[in-house]
Structure formats: C-alpha cells, structure tokens
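Take a look at the fold shown here before reading on.

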Amino acid sequence: MAEQENYYIRVPHGPLVEVAEEVYRAYHQEERRGRTLEEKDQRNGLVSYDGLDTGELTGQEMIPDRESASVEDTALHKVMLGRLRRCLAQMDGPERELIQALYIDKPGKTEKRPLGIPTIRDRIVQECMRIVLEPIFEAQFFSHSYGFRPMRDAAMALERIDIIMHNSGYYWIVEGDISKCFDRIDHAILLKRLYHMGVRDRRVLQIIKAMLKAGVMDECEANEEGTPQGGLISPLLANVYLDIMDEWVSKQWETKRTRHQYTQEQGRYAAMRKRTRLIPGYLVRYADDFIIATDTRAHAENWKARLQLFLESKMKLTLSQEKTLITDIRKNYIKFLGYEFKMVRGKSRRGYIPRTIPDRNRLKRKAEKIAEDIKKIPRNYSQEQMIGAINRINSQVRGIIQYYKGCTWVNISMKKYSRWLQLTAMRRLKQYKGKWIPAKEVRNLPRVHQEYKQKIPSIKYRDFYIGFTALTFCRWERTPPKDQAETPYTEEGRQINFERTKHKCINARFDELYSDKAARAISYGKWGKLNNFEFIMNRAYALNRDKLRCRVCGGWLISSTPWAHRINPNLPLDKVNRVNNLVSLHKKCFMAVNNPCQGISQFDVKAQKKIIGYREKLVSSHTRNK
Ligand SMILES: [Zn+2]
C-alpha cells in the first residue's frame with residue numbers, strides 16, 4: 001500500500017516544480033503544434049542516431065534545435081546534474097549516514113538490512129534522472145497508456161475499454177502478450193527513442209546508457225496490482241520503449257491524420273470507416289499488458305499478424321502466439337489487469353453493457369491468504385496484540401476492495417468469500433469472547449462501518465468494540481473517464497487530481513491511522529502510557545467526526561498527518577482519550593495551541609479565536625486539577 005502511495009503522490013516539490021512545469025509545457029506544445037517529432041528531427045538534420053549505438057557519443061549528433069535547448073539547459077544541466085553532484089558529494093561527506101538511513105528498506109519486505117553505499121548512490125542517480133525526465137515524456141506519451149504513470153491506474157484502463165465499446169460498437173479484442181517484455185528491451189533502440197523524444201543532452205544519454213549496461217531494466221517488475229517494484233527509473237524507460245508501439249498502433253487509426261479537419265473525433269472515425277479501407281483499432285495499454293479493440297475477427301487476426309511483424313522488426317520483441325488471444329467480448333470474458341471483462345445484453349444505445357468481475361483465481365488466492373493469516377494469529381496474543389492483528393487483516397481486506405470496487409459485479413464476487421472469512425475470524429476470537437456486533441456500532445474503520453448494520457465478529461476493549469471488517473463492505477464505484485489534463489506537471493492538473501482523489505486520500509489516511517506501525521509502537525510503550533490503544537482507536541473516530549478538517553483553521557487534513565489534541569489533558573487515564581476530549585488539528589495548529597508563547601498573527605481571525613479558546617481550556621484544566 002505504502003509503495004503504491006509513494007508512486008502516485010510523487011508530485012514535484014520545491015524549486016523543481018517550476019522547472020518540471022516548464023519542461024512539460026515546452027514538450028506538450030511541441031506536440032500540439034501538430035509537428036511530429038520525426039519532422040522536427042529532419043528539419044534539424046538529425047536523422048542519424050548511429051553515434052548512440054556503439055562506442056562514445058560524439059558531440060556532432062547532439063546539436064539540438066534552439067527551442068528545446070533552452071529548456072534542457074535549465075532543467076537537465078543545472079538542476080539535475082547540479083543536484084546529482086551535491087547528492088553524491090554528500091555520500092562521501094559527513095551526511096553519509098543520514099542518506100543511508102533514508103534509503104533503508106521498509107519493514108515487511110524480504111530484505112531488511114540497510115542498503116550498501118553503491119546501491120544508494122545508484123538509487124540517487126536514478127531518482128534524479130526520473131525527476132527530470134518524467135515531465136518530458138509525460139507531455140508526449142499516448143493518452144491511453146495507463147501503467148507506471150503518475151495519476152493513472154488500472155481502473156481507468158478498464159473504463160477506457162468500456163468507452164471504446166460504447167462509442168464504436170467494436171467487440172473483437174486482441175489480448176496482447178509480449179514474451180518477457182522487460183528483459184528484452186534493446187538498449188540501442190531505447191536510446192534512439194529517448195533522443196527522438198527530445199532527450200538530446202549527451203551527458204544525460206551517457207548516464208542512461210551506463211545504467212542500462214549495469215542492468216537497470218532487470219529491476220522492472222510489477223506486482224499483481226500493476227505497481228512497479230524496486231526500480232525507480234526502469235518503469236519510465238519501459239514506457240518510453242513501448243511508446244514506439246503506441247505510436248505505431250495509434251497512427252493506423254486512432255490518431256490517423258485526415259486532410260479534412262473534423263470538429264468531433266467520432267465524425268472523423270465515421271468518415272474513415274466509410275471512405276477508407278483502413279482497419280480500425282483502439283489501443284489500451286498498461287505497462288506490458290495491452291488490448292486492441294476492432295470490428296471483426298478477420299481484422300483482429302490482421303492486427304495480430306501486423307503487430308507481430310512490427311514488434312519483431314522494429315522493437316526486437318516477440319508477440320506470444322499462444323498467449324495473444326482473440327476474443328469476442330460479447331461471448332467470452334477477457335482477462336486484463338486482474339479483472340475479467342465482458343459485454344452483456346442490457347439497456348444502452350448498442351444493446352450491450354459492461355460486466356467486470358475480479359479475476360476469479362486471483363480473488364480466490366487472496367481470500368485464502370487472508371484466511372491463512374487469521375488462523376496463524378498466535379494463541380498467546382494479548383487483547384491489544386489481537387486488536388493489532390485485526391487491524392492488519394482489515395487493511396488486507398480493504399486493499400482488495402479498493403482494487404476491485406470498480407467492478408460492476410464486485411458485491412456478487414465478494415459474497416462468495418465474505419461469509420467464510422467472517423466465520424474463520426469468529427472461531428479465532430473465541431478465546432477473547434468474541435461477539436457478533438453490528439458494524440456501525442464498532443469503533444474501528446468508522447468511515448466504512450458507519451454505513452452497515454450487518455453483524456461482524458468483534459472483540460470488546462474498554463467501552464467499545466473492534467471488529468473484523470467484511471469483504472462485502474464495498475459499493476460499485478463508477479470510474480470516471482481519465483481527464484487527460486490531469487498531470488502532476490501543471491497547476492490545473494494537480495487540482496483535478498486533488499478533486500478526484502480527495503476521498504481516496506481520506507481513506508488511505510484512515511488506514512494509516514490504524515497501521516501496524518502505530519499499533520506496534522504502542523504495544524512496546526514507545527509513545528508513553530497516555531497514547532494507548534484507546535487513543536489510537538479514538539483519534540481516528542474523532543477525525544471522522546471532524547470530517548477530516550482541522551478544528552482550528554478548517555483546512556483539509558489530507559496531505560499531512562493529523563494531530564490529535566486533548567482538550568483537557570489532565571483528565572484521568574480512563575477519560576482523557578475519550579472521543580469527546582479529542583480534536584483533530586494540523587501540526588502547526590497543534591503547536592500554536594500548545595505553545596502559549598507563540599505568536600499567532602499568521603492565522604486568520606477565526607482560527608485565532610479557536611486557538612485562544614483551546615489555550616484557555618488548557619489553562620483551566622491545569623488549575624482545576626491542581
Ligand atoms: Zn489547521
């Protein structure tokens with residue numbers, strides 16, 4: 001979960017924001033002006049890339065055209081190389097240990113020992129490269145490539161298929177499978193593509209070349225959810241490589257240029273269908289997983305054959321003959337990104353509506369894993385440890401729901417395992433006198449549980465219950481079509497993203513509050529006796545009551561960790577952590593309340609009043625209890 005969050009919330013920050021935006025804008029406009037990159041290359045006499053294939057790069061091929069040169073000068077040279085030099089200098093200096101601490105692997109992963117200095121050095125170089133290169137490529141990548149990219153996910157890819165079916169009425173699908181795609185990426189072709197997409201700086205290309213030689217692409221791997229694992233720059237480079245395919249496929253139909261300018265995309269497609277003998281095809285790609293939708297079986301076969309030729313001759317990749325299936329989506333499910341997708345008869349303009357279900361084998365495996373984990377909870381666990389275990393199981397269940405809530409049949413699929421898991425959980429709670437309690441009456445996962453009356457296995461703690469959440473606590477959520485303006489590299493794009501993910505952020509924040517880490521810190525007494533289990537449960541409950549807004553300034557408590565302030569900290573231990581004694585605040589607001597000497601002129605009048613109010617309550621609580 002944490003891994004995924006890091007990947008998607010990698011919005012540039014600090015002085016890099018402006019540079020990234022500038023780069024993005026420059027390359028984006030290039031595209032919009034309608035000149036293809038190839039034409040640009042020819043104009044500049046830059047058609048030969050041979051210098052990149054072998055040996056040293058000579059300065060000759062690297063004479064860039066003026067427009068992008070200025071951009072590269074600021075972004076690539078000054079910022080990145082400067083930053084890189086500073087980072088690397090620190091590696092050998094007194095801050096060495098600090099940097100090392102930053103890069104120690106997260107708990108829960110197989111490798112737990114700190115990384116060696118060469119590995120860290122390597123990661124710093126990779127990350128610096130990614131920061132500068134990503135905006136260049138993001139400005140040019142194919143609209144319907146969804147994997148390994150910021151602010152995009154598998155659900156959007158699926159939604160895109162639905163839109164294609166709805167608009168075109170094409171139901172024949174080529175389910176693409178490239179054999180060992182990431183292992184077979186050809187370095188020379190990749191370097192050419194980088195150059196072609198505007199990375200003209202010799203030093204940058206040389207660093208990438210060295211990284212490729214060192215085997216950076218071996219790190220390119222995705223887990224079942226399609227999140228890249230390990231590698232920092234390899235997922236980006238994989239997308240650059242596969243962009244060759246995106247460009248070729250989409251130019252055959254989707255982005256085919258016509259002499260007449262059509263005001264509407266649909267009008268253009270209709271005209272192409274009527275007046276040309278072009279074979280229609282819409283591509284949706286997620287990392288190395290992709291589909292092409294077309295109108296007939298013959299055309300699907302044709303696509304498969306042509307694509308195979310293209311991949312082999314231009315990209316040195318192999319389209320797997322057995323695994324690249326051709327499916328009539330009205331008759332059979334296609335499997336894509338852990339979902340199964342089909343069009344069934346229903347009320348719509350074309351008489352078909354989508355039906356998506358979680359990949360049956362995968363869901364079964366995941367449910368079985370959770371049942372195993374429940375059974376494995378040690379017999380000698382204290383009540384507090386048991387609550388920690390429940391929170392861990394719950395976050396696994398919520399993870400499955402988060403991934404599959406875009407399925408139209410999500411509830412039907414989940415029902416199959418929900419009851420079974422609940423009974424397994426109840427058996428495990430026997431020694432703690434577990435009870436079936438309506439979900440809305442338990443204290444944990446308030447945002448989810450407040451909507452359900454269904455009884456769940458629960459354990460009593462102090463004056464409240466903590467329960468095992470159910471797989472069926474999910475509602476189908478329609479994924480809106482991807483807004484192409486949503487990107488980390490413009491102010492507008494970040495705003496769109498915020499609006500879209502607000503609720504997702506809220507839920508992630510709640511999951512974090514119940515995290516294993518917090519539970520463990522408490523059971524070891526690391527947070528002091530005031531911060532006990534009751535506190536950890538109740539601060540989340542209070543945050544839900546406060547609707548995720550700061551009680552001092554009214555701002556969202558999304559991007560930073562919310563702080564729980566005790567209105568009267570001198571109450572006895574059994575009362576001090578009650579929900580009605582807790583309010584949620586920003587760290588800066590919390591500090592202002594708890595530090596009476598601090599000036600508060602930076603807050604607006606309303607917030608100042610609140611701060612003064614809480615300060616007075618603190619003072620009176622001291623005097624009353626003395
Ligand atoms: Zn605040």
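## The chain as a whole

Of the contacts in the protein chain between residues at least 6 apart in sequence, 67% link residues at least 24 apart. Two residues are in contact if their C-beta atoms, placed from the backbone, lie within 7 Å. The chain has 626 residues, and 35% of them count as buried. A residue is buried if 20 or more other C-beta atoms lie within 10 Å of its own, exposed if 12 or fewer, and partly exposed in between, with C-beta atoms placed from the backbone.

You'll find 23 helices and 12 strands along the protein chain. Helices (H or I, at least four residues) and strands (E, at least two) are DSSP runs, numbered from the N terminus. Residues are numbered from 1 along each chain as its sequence is written. Keep in mind that this is a predicted model: local features need pLDDT of at least 70, side-chain atom pairs count only at pLDDT 80 or more, and totals for chains, interfaces and linings use all residues.

## Two helices packed against H11

Two packed helices are described by the angle between their axes and the distance between the axes. Axes are lines fitted to C-alpha atoms, for helices over the stretch in contact, and angles run from 0 to 180 degrees between N-to-C directions. Start with helix H11 (residues 234-252) and helix H13 (residues 297-315): their axes come within 11 Å and cross at roughly 135°. H11 and H13 are therefore oblique to each other. For such labels, angles under 35 degrees count as roughly parallel, over 145 as roughly antiparallel, 65 to 115 as roughly perpendicular and the rest as oblique. The H11 and H13 crossing is right-handed; a crossing is left-handed if the near helix is turned anticlockwise from the far one by less than a right angle, and right-handed if clockwise. On the H11 side, Ile244, Met245 and Trp248 meet Phe310, Leu311, Lys314 and Met315 of H13. That contact of H11 with H13 has 6 nonpolar residues, no polar ones and 1 charged. Here Ala, Val, Leu, Ile, Met, Phe, Trp, Tyr, Cys and Pro count as nonpolar, Asp, Glu, Lys and Arg as charged, and the others, Gly among them, as polar.

Helix H9 (residues 187-196) also packs with H11, their axes coming within 9 Å and crossing at roughly 85°. H9 and H11 are therefore roughly perpendicular to each other. Leu190, Arg193 and Leu194 in H9 meet Leu237, Val240, Tyr241, Asp243 and Ile244 in H11. By type, the residues of this contact of H9 with H11 are 6 nonpolar, no polar and 2 charged.

Now for strand S3 (residues 289-294): 6 of its 6 residues are buried, so S3 is largely enclosed by the rest of the structure. Asp289, Ile291 and Ala293 point one way, while Phe290, Ile292 and Thr294 point the other, and all are buried.

S3 has strand S1 (residues 172-177) as an antiparallel partner, joined by 6 bridges. Two strands pair if DSSP finds at least two bridges between them. In S1's pairing with S3, Ile173 stands opposite Ala293. Strand S2 (residues 282-286) also runs antiparallel to S3, with 5 bridges, and Val284 stands opposite Ile291 in S3. S2 and S3 form a hairpin with 2 residues between them, and Ala287 in the turn has a positive phi of about 55°.

## A loop residue, Pro280

Pro280 sits in the loop between helix H12 (265-275) and S2. Pro280 is buried, with 22 other C-beta atoms within 10 Å. Leaving aside neighbours within four places in sequence, Pro280 is in contact with Tyr170, Trp253, Arg273, Thr294 and Asp295. Pro280 and Tyr170 are 110 residues apart in sequence, yet 8.9 Å apart in space, C-alpha to C-alpha.

## The S8-S9-S10 sheet

Further along, 3 strands form an open antiparallel sheet in the order S8-S9-S10. Its edge strands, each pairing on one side only, are strand S8 (435-438) and strand S10 (464-467). From one strand to the next, the twist averages 60°.

S8 and S9 pair over 4 bridges, and Pro438 has Lys455 in S9 as its bridge partner. Another 4 bridges join strand S9 (residues 455-461) to S10, with Ser458 opposite Gly467 in S10. Helix H15 (residues 383-404) packs on the sheet, touching S9 and S10, and its direction makes about 145° with that of S9. S9 and S10 form a hairpin with 2 residues between them, where Arg462 in the turn has a positive phi of about 50°.
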